[in-house]
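Have a look at the coordinates first.

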Amino acid sequence: MLPDPRSSHGTYAAGPAALIALSLVPLLASCAAAGQTHLEASGVAAADEHGKAAAPLAPPVATDLAAAHDTVRVRIVAAPTRLELLGGVETPVWAYNGSTPGPTLELREGQHVVVRFHNRLPEETTVHWHGLRLPVSADGSPFDPIAPGDSFTYAFTVPQGSAGTYLYHPHPHHRTAWQVGMGLYGAIVIRAEDDPLAHLPERLLVLHDTRFRPDGTFDFPPRDSEQGRLDAENGREGDVVLVNGRPLPELAIRPGETQRWRVVNASAARVYRLALPGHTLLHVGSDGGLFERPVEVDDIVIANTERVELLVRGTGAPGERVVLRSLPYDRYMPMWRPADWDSPLPLAVIRYRAAPRGQATPLPATLRPVPPLDEADAIGTRVVRLGQGRIDGRVMDMERVDGSARLGTTEVWEVRNLVGMDHPFHLHGFPFQVLSRDGQPVAQRSWKDTVNVPKHSTVRLIVRFDRHAGLWMYHCHILEHEDDGMMGILEVR
Amino acid sequence: MDRIRSTAVIAAACLCAPAAVTAQAPSEAASPIVEIVAEDYTLDAPSEIPSGWTTIRFRNQGAEHHMLYLARLPEGVSFEQYQREAQVPFDRVWQGLRGGTIASEQALDALVQALPSWYGGVGLVGGPGLIAAGLVSDVTLRLEPGEYALECYVKNADGAVHYMEGMTRPLRVTAEPSSTTAPEADVRITLANDGLSLEGTPAAGRNTIAVHVRENPEIGFGHSVHIARLEPGVAIDQVTAWLNWLTVDGLREDAPVDFVGGMHPMPAGQTAYFTVDLEPGRYLAVSEATGAQGVQQEFTVH
């Protein structure tokens, strides 16, 4: 039975979200008999014959205006527009270059990147290049807002060894949740010349959950309402999950084929626990790119702004449909837990094409080396205590530096979550490696820029402050929490 | 699982400027003192400690008053269950009070009806009483093995109960015996239905106070003691009124006085200890639930 894409989230499942069930369920049912024609005509795109996601399901790719191969020059405009996200109703959104998600930046290691950004929004904004190693002048932090009507050039060079999947989004002080919630987010793919998985058909899935009012506008309740208070505590969650800007899209796979998926969690707060019934997944990478070895898993947890790379093996039969879903994940304090938190969320429908059968693809046992940051090099341990809305007992003050680090040094950070809900911890500018969780060493090294710290737990990570001095943010990446000041400022000099 | 951290490491982490780097140190043997740090609004505490006599060094590094209430959970009741079925009903009654949907005189009844039947089995074991920002108090008490909930139920100026903002966590007391012993006391406070008696002379400087509960009321919350520094212009009635949590302004910052330490309710017949740093001046030792009925004693430090 095909899923109702609405969850049982209560009051927000009515109205436009119901159009999803009405428009897609019978359509998909009819296509089971008739083949792909209806789906393609509807714009709910199947894969092409190479297994690559065909337009319009994949986000558009940013047009490179540079002539030189070693330079990427793109133009990004943030502006209000109206988009048909649910089918049959237009939603006022804020979008990068007219789409949500915005255009994907396709980059290569070593390239010099120039982004000419134009703010056509009615308020100030920034563009933060989440996870990228770049000068602080290009970070897009709250220190550098761009006024309405103004433009700014972000320029940086993509370091060698940074191949992975990233995202970009606004980061103005106190307004990040609003601006991302209105549709401003996009993905970045950085590729290596020696990518061991370059031969695989690839998909980019950008996840973003939201809520709609019956008139099709986004639901942002007043702060002092019951839902507003819940949003402030938990971060805003919604009953409609958009995958590349569409609810419950259909993705095609061929029996025997292996696809490489890059998944970006661009939600304000929701944690996804990705699972594909009847299938195991090969977890091959995280925020900062590939692991050393694939890991076979039943499901993958991806917290707010984390990214995962995984391999999906087409072990199903021709014509079979399987629903990619998010299994329940309890990140909440019991007093603020939503009533339907334990309902699985359908995300996308995976349809097995009838023919031709995919070629068996050899997979390397080793993906790429991940050089370790050595604890013996660390000059000390920095303890960071996460509260509910505060770090180290304080809310952020743009005039206050909360700590300092020396360029060229390595530190161990002990991030202690002292309260009863998960907080995804993000550090600007410097990727790190997670060493342990509650004293248990992690199974393998990976490059991260965001790590979920579960309730009442401790994550130890190691970071090297190389490359760029400046004032760098660290914060909980639940957008409402960062807007309310769950941030700190680290001066690296 | 987190074990008791050495006092030196915790002290360095907490007393240094926030987010400072401490040099790598070799691990040290567990100290008998359990450091628990209160900030606005977190409790930084180990997840398990040994049983028996236990000294908790309760340090308030926040800007508001804090306390550490320890509740021994009945067998089979989890910390999460305690949060959902006990902490949330208290908050709901409080929200009803401040919203005007529950009258003050109805609040206790509303609470009794909202709490689960197992709540009567929650063990009260004492614990650090109210202390103002920047203060520290050592509290020595006997803890039996079991599962405990730690919480602060002070309200901030906006009316948010601290534990609803995150200031609560579980604690496991293991069967492993601690090496702590009961301290020698400088002053003895006895709590009874007919009042609070104080033996000994509190002096300027650090005092170790023994608190003995001779008896508790048959109904309602038990006797406790909190030491308030009385400032000119603040009446004792203001202090006892402020200590009534089931009122709109009860235990809600800003407090009318600074509290400098105390002890939460314990079963009759038990004794526990707390330290308090006193400067010359007037003080009031007062029971939170029964102070307005006379369980209080003013004293002067010279």
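This is a predicted model: local features need pLDDT of at least 70, side-chain atom pairs count only at pLDDT 80 or more; totals for chains, interfaces and linings use all residues.

Strand β7 (residues 164–169) of chain A pairs with strand β8 (residues 186–191) of chain A in the antiparallel sense, over 5 bridges. Pairing here means that DSSP finds at least two bridges between two strands. Strands (E, at least two residues) and helices (H or I, at least four residues) are DSSP runs, numbered from the N terminus. Within this pair, L167(A) sits opposite A187(A) in β8(A).

Both strands belong to an open sheet of 4 strands in chain A, ordered β3-β8-β7-β5, with mixed pairing. At its edges are β3 (105–108) and β5 (128–130) of chain A, each pairing on one side only. Neighbouring strands are turned by 25° against each other on average, direction ignored. Axes are lines fitted to C-alpha atoms, for helices over the stretch in contact, and angles run from 0 to 180 degrees between N-to-C directions.

Residues are numbered from 1 along each chain as its sequence is written, while chains are lettered from A and ligands numbered from 1 in the order in which they are written.

pLDDT is the predictor's confidence in each residue, from 0 to 100. Chain A has a mean pLDDT of 89, with 88% of its residues at 70 or more. Residues 1–56 of chain A are another matter: pLDDT stays under 50 there, and the model has 102 contacts beyond four places in sequence for that stretch. A contact means that the C-beta atoms of two residues, placed from the backbone, lie within 7 Å.

Strand β1 (residues 71–83) of chain A runs parallel to strand β4 (residues 112–119) of chain A, joined by 8 bridges, and I76(A) stands opposite F117(A) in β4(A). β1(A) also pairs with strand β2 (residues 91–96) of chain A, this time antiparallel over 6 bridges. There, A79(A) has A95(A) as its bridge partner.

Another open sheet has 5 strands, in the order β12-β20-β19-β14-β17 (chain A), again with mixed pairing.

## Where the chains meet

Which part of chain B supplies the largest share of the side that touches chain A? In total, 27 residues of chain B are in contact with 24 residues of chain A. The top contributor is α2(B), with 6 residues. By class, the chain B side has 10 nonpolar, 9 polar and 8 charged residues. Ala, Val, Leu, Ile, Met, Phe, Trp, Tyr, Cys and Pro count as nonpolar, Asp, Glu, Lys and Arg as charged, and the others, Gly among them, as polar.

Strand pairing crosses the boundary too: 2 bridges join β21 (residues 378–386) of chain A to β1(B), running antiparallel. T381(A) stands opposite T22(B) in that pair.

## A helix pair in chain B

The axes of α2 (residues 79–99) and α3 (residues 104–114) of chain B come within 9 Å and cross at roughly 155°. That makes the two helices roughly antiparallel, a label for angles over 145 degrees. Residues meeting here include F90(B) and V93(B) in α2(B), and A107(B) and L111(B) in α3(B).

Methods
Angles under 35 degrees count as roughly parallel, over 145 as roughly antiparallel, 65 to 115 as roughly perpendicular and the rest as oblique.
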